[in-house]
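Please open the structure in your viewer and keep the selection tool at hand.

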Amino acid sequence: MRAAVLHEIGQDKLEVLDDVEAVGFGPGKVRIRVRATGLCHSDLSAMSGVLPQPAPFVPGHEGAGEILDVGEGVRHLKAGDRVVVCWLPACGSCPACKRGQTELCLAGFMNAGTPNFKRPGGDVFGFAGTGTFTEEVVVDAGCAVPIPDDVPFDIAALIGCGVTTGLGAALNTADLEAGSSVAVIGCGGVGISVIQGARLQGAAEIVAVDPVPSRREAALRFGATRAVSPDELPDAKQQITAGEGFDHVFEVVGKSATARTAYDNTRRGGTLVVVGAGAMDDFLQLNMFELFFDEKRILPSLYGGGDVLRSYERTIALWRAGRIDLAGLITHRVPFADVNEALDQMRTGTALRTCIEM
């Protein structure tokens, strides 16, 4: 079967090969035919080494498809079921799951160290224990979440990561109240989803901050009340909050520099929500006096900061009701053979989300 493989960390191109085999099928596992997958910035971060990932590996973790086969003991799925790939499944029995913090379950991360594929030359890993830049993938049954028949595969793929992450940051993590002022730094697919979540919560002012003009224009279509370049943020802060700072600032880039900017633009007593996935050696510096004196809350948000399965259901309900726009997030589509074109679209910021059609 075909799969897109990164041979070494640091390479910027994938090679689409036809000699890759999905492995590991057995009890508790399912085999999925991938029908659509989105490109998330985390895939680029894994390729560059910002996020830890053994190589060679198949990128992709934002996918949807149909079940081809189920292993022994799998009761909730059958061949032909339509599913979204969940890269962070909850085991249900660890301390985090028992506390109700299923997004902190480490079971999914443990899968990342086990090869999902093989080639004649050896083992190949799947990013985040999945790897959806492929025609077929074998994953734990908990990674395959059934979706209703009316949800297209491309929409379902987005729900698998970017939309759930962004909406959840606003709806679950921030506890964002109606009438509040919001700034969102970084307006790709995840940032746009944060904006949609802030709009749903009734934020009065939503300022989108991004260096790419097309993304700023898109942010306005999705609910931002103002869109500015990073250099224009101080003026927006002054005009909207009289210099005090925003009630909620979302950092959706994953860099200490933008996190510091987000902190500086959060009002005293306000909330900074860290959504971007950054590097282990990139440190955010805060002095102890400002930390004490400003009483700003710093809230990281992993995968939307809530129960993933409930978040999926909520997103589908909001989409059906026309309260959120998911189709509009897909600004580009490329065939699987042109996966490197999708990488370029993400790197240059020309795409909110590119759907890779399998």
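Predicted model: local features only at pLDDT ≥ 70, side-chain atom pairs only at ≥ 80, totals over all residues.

**Stop one: the annotated span**

Select residues 10-352, which an unreviewed UniProt entry annotates as "domain: Enoyl reductase (ER)".

**Stop two: helix 1 and helix 12**

Two packed helices are described by the angle between their axes and the distance between the axes. Now select helix 1, residues 41-48, together with helix 12, residues 339-348, whose axes are 10 Å apart and pack at an angle of about 100°. Because angles of 65 to 115 degrees count as roughly perpendicular, helix 1 and helix 12 are described as roughly perpendicular to each other. Sorted by class, the contact of helix 1 with helix 12 has four nonpolar residues, one polar residue and one charged residue.

**Stop three: helix 5 and helix 6**

Next, select helix 5 (residues 162-173) and helix 6 (residues 189-200), whose axes come within 7 Å and cross at roughly 40°. Helix 5 and helix 6 are therefore oblique to each other, and their crossing is right-handed. Among the residues of helix 5 that take part in the contact are Gly162, Gly166 and Ala170, while those of helix 6 include Val190, Val194 and Gly197. By class, the contact of helix 5 with helix 6 has nine nonpolar and six polar residues, but no charged ones.

**Stop four: Arg199**

Stay with helix 6 and pick out Arg199, which has its place there. Leaving out residues up to four places away in sequence, Arg199 touches Ile206, Phe222, Gly223, Arg323 and Ile324. If you also select Ala3, which is 196 residues from Arg199 along the chain, you will find 38 Å between the two C-alpha atoms.

**Stop five: Asn265**

Finally, select Asn265, which sits in the loop between helix 9 (256-264) and strand 16 (266-274). Asn265 has a relative accessible area of 8% and is buried. Apart from its neighbours within four places in sequence, Asn265 is in contact with Leu233, Lys237, Gly245, Phe246 and Val249.

How values were computed: Residues numbered from 1 in each chain as written. Heavy atoms only, no water. Axes fitted to C-alpha atoms, helices over the stretch in contact; angles between N-to-C directions. Helix = DSSP H or I, 4+ residues; strand = E, 2+ residues; numbered from the N terminus. Parallel < 35°, antiparallel > 145°, perpendicular 65-115°, else oblique. Left-handed = near helix turned anticlockwise from the far one by under 90°. Contact = heavy atoms within 4.5 Å. Nonpolar A, V, L, I, M, F, W, Y, C, P; charged D, E, K, R; others polar. UniProt positions renumbered as here; feature names shortened; annotations may be inferred. Buried < 20%, exposed > 50% of the residue type's maximum accessible area, 1.4 Å probe, protein only.
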